[in-house]
Amino acid sequence: MNRAIEIAKNPLLIALVLIAALLFLGNTLSPGFASGGQILRLLIVAALLGIVAAGQNLVILGGREGIDLSVGGVVSLSAIVAGNVMNGMDGGIPLAILACVATGALFGLFNGLGVTLLRIPPLVMTLGMLGVLQGLLVVIRQGIPSGRAAPALSEFVTKPFLLGLPGIIWLWIGVGLLMAFILHRTVFGHRIYAIGSNEQAAFMAGVPVRRIRIALFMLSGVFAAIAGLCLLGYSGSSFANVGEQYMLPSIIAVVFGGTPLSGGRGGYTGTMAGAVLLVVLQSILTTINIDESGRQMVFGVTLLVLMLFYGRGRGLRA
Amino acid sequence: MTSVSTSTRQENQGFRTLLGRFPFLPALFILVVLLVLNGIFEPNSLSFRSLTGLVRTYMALMLLAVAQTYVVYAAEIDLSVGAIASLVNVTIIVLMQNWGGGGLSVLAALGVGVLVGLACGLVNGFVVAALRLQAIVATFATSIFFTGLALVILPVAGMPAPTVFWRTYGGTFFGIPFVFYAAVALAFLLYLFARTRLATQLLAVGDGQQAAFQSGLPVTTIRIGGYVLCGVFAALAAFCITGDTASGDPLVGAKMTLFSVAAVVLGGSALSGGFGTVAGSVIAALIIGLINSLVFFAGTPSHWQNFVQGLAILAALMVGVLVSRRGRA
């Protein structure tokens with residue numbers, strides 16, 4: 001019996017059941033909602049969110065109130081950088097990828113240094129960095145007209161490529177495998193869990209806590225930057241603050257995936273399901289015929305109800 | 001050698017005691033520096049008139065920072081303060097319009113506004129403390145809900161506030177601008193609150209929930225109380241926003257939420273709870289305002305202003321966190 005409850009409480013299982021239920025509900029409300037093409041479109045949107053959430057997941061797993069509020073700014077900046085570098089030409093893609101990764105890694109490095117060397121709480125450090133990034137976006141938009149995506153990049157994100165799936169979904173599967181490998185098969189991964197569950201003990205055991213934490217923030221920046229690049233391919237051209245919509249949803253995807261904000265427990269498989277769940281939910285709300293205000297209210301309440309399923313805090317009497 | 005080291009240690013000790021008693025000192029120092037810099041770049045900015053303008057514009061952020069502080073006392077966070085302020089803003093605007101815009105209807109609408117803020121605080125407190133959801137995500141979800149509600153009440157920005165309302169907020173009485181009366185009233189209110197049992201209990205809960213619970217404190221009720229206090233102050237902030245902008249906007253507060261968190265930290269309160277002052281948050285809100293005006297007065301090209309402001313706020317946060325840690329380490 002206890003074992004059954006334990007299985008039923010598995011966040012991945014909850015998320016998958018909820019996704020299936022939502023798809024069924026969506027298809028009842030609006031026939032064709034769960035058609036193959038529609039699901040593929042949902043998966044592309046989920047992939048963009050899921051890639052951002054991968055970095056967010058790593059930072060949160062590292063514990064000590066780890067969180068990265070600057071991801072939205074990095075996504076926006078990276079989309080603009082990529083657009084300006086490639087400017088609609090396939091030949092510019094390799095350089096654009098390089099520029100994006102460097103941008104993400106650089107801002108992640110700043111975040112990591114602020115959090116480890118100056119010991120500024122991650123929430124505050126990344127929040128301040130978000131302000132800086134938003135300012136930088138204004139500067140760039142004034143100086144240079146925003147560029148366009150190269151055809152090959154747009155095709156990579158939207159056109160079926162292998163087994164009927166577009167490149168971005170394969171990329172996301174790759175990210176999933178990479179995350180699983182890092183977290184469960186490498187020393188680095190074990191150390192992330194170690195510092196996330198007890199930083200002091202990990203430090204005593206000789207784990208280079210600071211370097212790992214800096215690496216986590218850099219990885220978060222890089223994942224956000226890659227998502228920004230793909231987002232450019234998805235939307236064709238970069239525009240202001242496209243990334244803002246990824247900041248808090250990336251955190252919610254992680255929480256829905258069974259990684260508590262306190263860190264040290266959880267993984268990325270659940271987060272992937274969490275990202276899909278969030279995107280399907282948003283899509284259903286666009287499908288049903290209520291206006292923006294009603295949609296927002298339903299979305300807020302649904303998030304709260306869903307959260308009741310996932311790792312609530314322990315009661316004081318427990 | 002020994003005597004030298006002893007004396008530095010004593011100095012450190014004195015500095016720490018001072019910081020322990022007045023954790024907002026670093027913020028106050030930054031504030032004074034910014035005032036002086038403002039005066040250098042634009043002597044007019046220190047005129048009574050300019051300072052009044054500054055207080056009038058940033059009164060709302062001060063109140064939101066205060067609101068956020070009470071939740072942070074208990075080691076929580078409220079990402080919905082901006083949405084609550086928006087909701088109250090549109091509620092009072094619509095009510096004032098519907099009730100004719102006279103003095104009495106304004107007062108009645110303000111009363112309802114406070115109740116709306118209180119109700120929002122209750123909702124937040126319930127989901128975070130009673131249902132035990134994680135504060136960051138739960139209050140983000142409620143902020144979406146409150147924004148939806150605000151959009152129901154007033155779908156698009158633009159309905160004007162009654163003249164009597166914004167004339168009062170921007171007006172002068174007995175030669176003193178109204179906002180200064182408001183500031184004095186706020187200071188008195190905060191002074192009284194600092195002496196209440198709830199303030200102490202919130203700090204105790206923030207220091208260690210389990211310990212607070214085991215020593216017999218009604219932890220859940222106290223945490224809900226913190227959110228309710230936060231909601232009420234967010235409503236007061238909405239009054240200032242309404243007075244300053246003289247119109248309703250269902251999204252007006254959204255951008256202020258993260259500034260309120262920044263102000264709390266800059267003011268010397270610990271996000272980990274159990275330690276902080278509202279005075280620090282108020283000063284920090286003014287710092288954010290002064291940074292914005294300084295960047296303007298220093299002649300920064302317009303499209304660089306946001307970037308320089310962002311850098312300056314980040315730098316101020318770093319200095320604030322570093323100095324206040326020295327006081328507590």
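Predicted model: local features only at pLDDT ≥ 70, side-chain atom pairs only at ≥ 80, totals over all residues.

Author: A disulfide is taken here as a pair of cysteine sulfur atoms within 2.5 Å. A:Cys230 takes part in no disulfide, since its nearest cysteine sulfur, that of A:Cys100, lies 9.1 Å away and the cut-off is 2.5 Å. A:Cys230 is also buried, with a relative accessible area of 2%. In chain B, B:Cys230 is likewise in no disulfide; the nearest cysteine sulfur belongs to B:Cys120, at 10 Å. B:Cys230 has a relative accessible area of 0% and is buried.

The packing of helices may be taken next, beginning with a pair drawn from both chains. On the side of H14(A), the contact includes A:Glu292, A:Gln296, A:Met297, A:Phe299, A:Leu303, A:Leu304 and A:Met307. On the side of H6(B), the residues in contact include B:Val137, B:Ala141, B:Ile144, B:Phe145, B:Leu149, B:Leu151 and B:Val152. The residues of this contact divide into 14 nonpolar, six polar and one charged.

A second pair lies within chain A. Helix H12(A) (residues 247-256) packs against helix H13(A) (residues 268-287) at an angle of about 120°, with the axes 7 Å apart. That angle makes H12(A) oblique to H13(A). The crossing of H12(A) and H13(A) is right-handed. H12(A) contributes A:Pro249, A:Ile252, A:Ala253, A:Val254 and A:Phe256 to the contact, while H13(A) contributes A:Thr271, A:Gly274, A:Ala275, A:Leu277 and A:Leu278. These residues comprise eight nonpolar, two polar and no charged.

B:Ala199 is found in helix H9 of chain B, which spans residues 197-207. At 8% relative accessibility, B:Ala199 counts as buried. Once its neighbours within four places in sequence are set aside, B:Ala199 is in contact with B:Tyr73, B:Phe193 and B:Ala194. From B:Val114, B:Ala199 is separated by 85 residues in sequence and by 20 Å in space, C-alpha to C-alpha.

Definitions and conventions. Residues numbered from 1 in each chain as written. Chains lettered and ligands numbered in written order. Heavy atoms only, no water. Contact = heavy atoms within 4.5 Å. Helix = DSSP H or I, 4+ residues; strand = E, 2+ residues; numbered from the N terminus. Nonpolar A, V, L, I, M, F, W, Y, C, P; charged D, E, K, R; others polar. Buried < 20%, exposed > 50% of the residue type's maximum accessible area, 1.4 Å probe, protein only. Axes fitted to C-alpha atoms, helices over the stretch in contact; angles between N-to-C directions. Parallel < 35°, antiparallel > 145°, perpendicular 65-115°, else oblique. Left-handed = near helix turned anticlockwise from the far one by under 90°.
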